[in-house]
Amino acid sequence: MRLRTSLLLLCLFPILLSGQDWYQIKTNYSGIAAAEFVPEINVLFIDQEGKEWYGSDGGLSLYHKGRWTTYTPENSDIPFQKVYGLSMDEDNDLYVAAEDGLFRWVDEQWEELSWQVPFNGVNDIIAVTKDSFFVASNNGFHKYVNGTWTFNTYPTLPSRYVRNIERAGDSTLWATFDYAQLDGSGPFGFDGIGQYDGNEWVYNIRDPLFGVSGTIFPAAFRDIAIDTSGKIWAASAKKGLVIIDLQDTSYVQIDDSSAPFWNNTLLSIDIDSTNQVWIGAQTELLHYDPSTDQFEAVNPEAGPFTFTRYRQLYRAPNGVLWTVANAEVGRLQADGWERVHSFVSDGLHGNRVWAMDCKPDGNCYIGLEDRGVALTADGRWTASLLQENTFLENEARDFAVGPNGEIYIASQNGIYYYEENTFFHLEAIQNRLPYPIVTALEYDMERGGLWIATNGSRALGNGGSGQDAAGGLAFYRPATGGWEYFTPTYLEEFASYNIGYHIWDLELDDQGTLWVGSSAPTNPSYGILSAYDGDNWRTFNRLQSPVPANVTNLAAVPGGGVWFTGTNGGFAFTRDLVEVETHTPNDANYNPVFGYRCIYYDEQEQSVYLGTSSPTRMLEYNGQNYNWIDFSEVPIDTFSGISAISKDEAGNLWVANNEEGIFLYNPDGVKFPDRVWPGDTNSDAYVNTDDVLSLGLALERTGPARSAATINWEAQNSEDWSSFFSDGLNHKHADCDGNGLVEAVDIEAISENYDFRHPLAKGLSPGDLPGLRLVFSRDSLPRGGRVVVDLVLGSTEELVTDLHGLRFNLHLDKRYEDYADVSVASTNGWFLGDGAHLELVKEDAASQVIALALSRTDGQGQSGQGVIGQLELSIPDANIDDWQLRLGEVMGIGSNGYQKPMDGKMNQLVVSDQVSDVSSLDNGSISIYPTVLSLGRSEVFLNSTEMKGQFLLFGPKGNIYARYALQEQLSLDLQTAGLYFYQIINEAGQKIQAGKLLVH
């Protein structure tokens, strides 16, 4: 092997980029490395820690604990870009199959795995150990074992282009072969499929459709799956679905003539153990149910997906089915499809940034040309496309904060309202706006309303109407619904200009003065600046004073007054519209500056920053000197210009342009805030039972206390402590009450803020390790009674090692509303014993889910199998025959802080009055057989010395099904499968025996 090393910090979003003045946020979408408008994910892989790895045409992306980390050749030293396959060996080393070759991340460095035979692109990889893995490439199939490479290629195989390889349940490998390599060049062989037993190819089948339809174009198999009968279902990108019988290689083709396969373009396929088939097509997600023999497209209600091209159907380690499409990732839960990630709503969906506004609460609002607005907090993207847009490009131009922290957004489609991670389109006020294209907003706390500026100019973008008689200024009071309209007469000496009001920006200073920047409606060379003090308007234009032309950007200063600039003519400052301080500097190379795009005033530094477009530069003016910030080491497109500037609470300048997204600048090193949300001990933005486990690991750690600390659900600044969790998270997050000590009482904040989320919340996806299960002492439970059940983890075949904490959800039967609480009756067992531990039980009555968390407090992981404790719960007081109980979302944590995903088991138990009293009855007086019967008329035999009384039969729903007089032989008419109950009543009407019959 040839070794190539490079550095990649597999960490979460960096808290401090020490010594790095510039940091670029370039990806179009949160997390996924992609240069395209819609990110095209090629492959998803979920490891045993629940980390989601995504390979795309732009690089490698990781999603873990609510954070995205994206690696591209531009922002890291990864030695590849286009990723087609991902795998991990038994040592959890990551393997990447890429166009540039095969790579492995081990011991914090990349190895390039190469061999003597030439190859052209690696398409897939299955890794077993460091010395055993299988590779699909554009030059055949390769096996590496103990330092030796072997390979197969065309004509031994149908094609030398091996597309995908999958490991079946019997450990054999299945492969798809492509007529041409990924770039479409070829041919060099045929499409086909094959099975490899580890040493040789058992099956090697060419595309049966090649040439059959009278065309030379092959089926282009993209994915295959195998049903329980051994038939292969092949998804074709050209011919629909092909089902191949391996016994004689006969096949059936299903195309758009009998199934909803638009254009017969299928990309992925999955079959579960019950032969339910899922197919990812170019236009929709499809489902085939063998019981109905029907193909159906998943409708929007069942599958909340809006994008297309379902490239991958992926079975996670815990058996959950995931689907990867353009811009969306989803998974199939018990109650239907769930959208896990939508890259149109998760992040920076478009690099054309028009506006930025960083608030003191740490949130930065980003206005985008392409798809609306995005929000970032603590260095992580949180939201979100404006879903109600009527234009494809719904530009967001400005933001205003209301009295309760709500956000108003100016867009091409009117005004949006943002609160609690949700966007609303204010349709009710749409017809009251001077014009639907809103360019600027200011919330006036003193006057109790919202200033709204509109503009109909073509210069605004594709949605602009270009109508001269369009635009204006309005004031809206949300509390009363009242409106006022202001259309000051600009350029009074030229009446022909008074037919439209093209307003570009608004600023409200701390003296209550509203400043308005606009341009003459038919001649942008005339810049106009106006001010309104609540009683009177003051206005002047370029004919009256040498102010910049076309006033498009404003920045208010403390004490009153405004900095302003236009597209040309420099920048200026005024407090009274009489005295104007004008600046027309040359750039650092003494060239004239044109195209001022944006302006920002830094109150702390008392400096004004300006972004320009000709040349592309950023200027700082501190009242005495001009400082042109060095762009020589920053990959900003010099033709795009600087379109927006803001500053966050960490001191970073946020600099945007219209092509490459956002650049963060800080001469002291770019910093991201790392604030504490009380109760969110693992900083995944969601308070749940996971946080009990992290709390247990951090007990007794100490550090600086938070100033004015509370357990209120809000972001709180905190100094870093000197100790960290194993994943790099600072232990300060576990100090929920902020007193400088992590202690058991901090669990109160978890309980108080339980299920709270801030906008960063994402879910975790456990893998499949030893199962957690409930073991009952009997299979029949008393209706309305209390029972104690053993909680069992692991087995002699599957030992659990180094367990420090455990959380899980108990899903109760939703068919029955009446249920009582669940409690931990005992923690005696191999996990906790009688030692000190943390314990939290939270009930969600609406969804009938009970969440439980148990954690050690000594930092010592335990190993073992068997009973770890007991739960006490009650059974519904209803006449039912069975009760479903499921353990789900099981997650353990080791003493090193790493997750231990586990599997939860389903229990279905008999619950019946008819059975519950069996223990007190004389069950030996009458014997009945058989107890397992078939549908239809069945004979039951009774053996007793006493044959007087009745035999009552109860149906599967608990109703009385039939009554029979006791006799040695009963003929039962059983028309429904399920569990039946019976009672035997003596002559006195007393119940002397009860039992159950199973009918199938």
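This is a predicted model: local features need pLDDT of at least 70, side-chain atom pairs count only at pLDDT 80 or more; totals for chains, interfaces and linings use all residues.

Start by selecting Asn 363, which counts as buried because its relative accessibility is 16%; buried means under 20% relative accessible area, exposed over 50%, and partly exposed in between, with a 1.4 Å probe and protein chains only. Asn 363 belongs to strand β32, residues 363-368. Helices (H or I, at least four residues) and strands (E, at least two) are DSSP runs, numbered from the N terminus.

Residues are numbered from 1 along each chain as its sequence is written, and side-chain values use heavy atoms, with hydrogens and water left out.

**Cysteines**

Next, select Cys 358 and Cys 364. A disulfide joins them, with an S to S distance of 2.2 Å; the criterion is a pair of cysteine sulfur atoms within 2.5 Å. The link is right-handed, with 110 degrees about the S-S bond. A search of the whole structure finds one disulfide. Cys 358 is buried at 11% relative accessible area, and Cys 364 is buried at 1%. Two further cysteines to click on are Cys 598, buried at 4% relative accessibility, and Cys 736, buried at 0%.

**The whole chain**

Zoom out and colour by secondary structure. The chain has three helices and 80 strands. Of its 1000 residues, 58% are buried. Among contacts (heavy atoms within 4.5 Å) with a separation of 6 or more, 55% are between residues 24 or more positions apart. The accessible surface is about 40800 Å², and carbon and sulfur atoms hold 45% of that; areas come from the Shrake-Rupley method with a 1.4 Å probe, and for residues only the protein chains shown count as cover.

Which residues have the most contacts inside the largest nonpolar core? Select Trp 53, Phe 80, Leu 86, Leu 94, Val 96, Trp 110 and Trp 322, which hold that place in a core of 29 residues. A nonpolar core here is a set of buried Ala, Val, Leu, Ile, Met, Phe, Trp, Tyr and Cys residues joined through side-chain atoms within 4.5 Å. At least two residues of this core come from each of β3 (41-46), β4 (52-56), β5 (59-64), β7 (83-88), β8 (94-98), β9 (101-106) and β28 (321-325). β3 gives the largest share, five residues.

Centre the view on Leu 86. Leaving aside residues up to four places away in sequence, Leu 86 touches Val 43, Phe 45, Trp 53, Tyr 54, Gly 55, Leu 60, Tyr 95, Val 96 and Ile 125. Another core, of 28 residues, lies apart from this one and includes Leu 812, Leu 832, Leu 852 and Leu 854.

**Helix α1 and what follows**

Select residues 690-698. This is helix α1, mostly covered, with nine of its nine residues buried. Just after α1, Glu 700 has a positive phi of about 75 degrees. Further on, Ala 708 sits in the loop between α1 and α2 (747-752). Ala 708 also has a positive phi, about 50 degrees, although it is not a glycine, and it is exposed at 78% relative accessible area.

**Paired strands**

Strands count as paired if DSSP finds at least two bridges between them. β59 and β61 run antiparallel and are joined by four bridges, with Leu 774 partnered by Leu 791. β61 and β68 also run antiparallel, through eight bridges, and Val 792 stands opposite Val 867.

Then pick the open sheet of three strands, β73-β75-β78, where the pairing is antiparallel. β73 (927-929) and β78 (969-974) are at the edges with a single partner strand each, so one side of each has no neighbour in the sheet.

**Last stop**

Finally, find the cis peptide bond between Tyr 154 and Pro 155, with omega about 10 degrees. Pro 155 is in the loop between β14 (148-152) and β15 (161-167).
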